[in-house]
Amino acid sequence: MIQFQFERTATTKATLTALANNSNAKIIAGGTNLVDLMKRNVMAPTRLIDINTVPLKNIEYKNGMTRIGALALNSQVADDKLILEKHPLLSKALNAGASAQIRNMATVGGNMMQRTRCSYFYDTALPCNKRQPNSGCGALEGANRMHAIFGASNQCIAVHPSDMCVALVALDASVIVAGPKGERRIPFGEFHRLPGEHPEKDNTLQNNELIIAVEIPDNSFNKNTHYFKVRDRASYAFALVSVAAALQMEGNVIKEARLAMGGVAHKPWRLTEAEKSLAGKSATEETFRQAAEIAMQGAKAYKHNAFKLKMGPNVIVEALKNAAGLV
Ligand code: SF4
């Protein structure tokens with residue numbers, strides 16, 4: 001285990017000051033990913049800033065917006081009455097993630113900041129551009145069964161591991177961050193990034209910024225939703241492919257649709273064209289197959305993950321059928 005300094009902050013302002021004073025500091029809350037990374041020497045912050053006493057745990061509703069504090073626990077959000085009533089898709093995605101014990105520790109902000117589970121990233125004896133820029137990508141020609149089929153680069157083909165984030169991107173959420181110049185709002189789809197030439201950067205948060213909340217605007221997607229996750233075992237496993245589906249229905253006609261995939265890209269993967277194709281159509285398996293075909297356009301497999309090209313459309317169809325109440 002590496003040596004590091006530790007401090008606890010009680011306010012957002014004090015946290016920002018602590019971040020400004022040490023460019024190699026990391027925020028810790030639940031610690032469900034960062035502690036593992038430090039034990040394995042994958043990440044080596046010289047200072048940990050414990051923000052567990054900063055008052056950022058509330059879940060509240062105001063002016064057509066559900067605001068979830070960055071320190072709200074995954075289990076707290078999943079079971080929250082307001083979330084169950086207004087955004088059940090988020091609750092379903094959260095309950096599909098990790099284990100009950102981890103959901104009781106992990107926070108919303110930490111869930112967003114978790115790193116990929118690519119095994120090369122965790123093994124410091126092997127090359128990984130994300131862990132060590134310009135060292136190579138072991139997964140490109142190696143064990144890439146869990147890896148991306150969308151948006152990868154020749155530098156990195158890792159996927160983002162979160163389930164929660166797949167629901168949040170489908171729900172048009174925003175991330176509220178505080179920094180030295182005040183607060184700013186980042187559309188959820190722009191928070192995580194594709195690897196491009198800089199796979200070491202997972203997201204667009206700056207070193208001196210703190211996630212303080214996530215906001216979800218009101219919508220009419222609370223009646224017909226489903227989160228379908230295919231994984232190697234029934235619990236405590238990351239997605240091979242997952243789909244968040246939400247439909248606004250009028251009788252059997254789809255007024256509007258929201259669709260996003262997990263386990264397929266370096267970021268939660270919104271399926272905007274497939275969503276558009278569903279609007280105004282009857283909710284039938286045929287309609288959903290056509291949308292799935294559109295969704296999969298541009299997908300590219302590597303040696304060991306070609307099964308995702310077949311699994312992807314099937315998971316989309318099943319998620320939509322469940323959301324529409326056809327099964
Ligand atoms: Fe590293 Fe990304 Fe390659 Fe995995 S896929 S080895 S995380 S560079």
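Which hand, left or right, does the crossing of α12 and α13 have? The crossing of these two helices is right-handed, a crossing being called left-handed if the near helix is turned anticlockwise from the far one by less than a right angle, and right-handed if clockwise. The model is predicted, so that local features need pLDDT of at least 70 and side-chain atom pairs count only at pLDDT 80 or more, while totals for chains, interfaces and linings use all residues. Residues are numbered from 1 along each chain as its sequence is written, and side-chain values use heavy atoms, with hydrogens and water left out.

View 1. The axes of α12 (residues 285–295) and α13 (residues 307–324) come within 9 Å and cross at roughly 140 degrees. Axes are lines fitted to C-alpha atoms, for helices over the stretch in contact, and angles run from 0 to 180 degrees between N-to-C directions.

**View 2. Residues of α12 meet residues of α13.**

**View 3. An open sheet of 5 strands has antiparallel pairing.** The strand order is β4-β5-β8-β6-β7, where two strands pair if DSSP finds at least two bridges between them; helices (H or I, at least four residues) and strands (E, at least two) are DSSP runs, numbered from the N terminus. Strand β6 (residues 174–179) pairs with β7 over 6 bridges, and V175 stands opposite I186 in β7.

Key:
Contact means heavy atoms within 4.5 Å.
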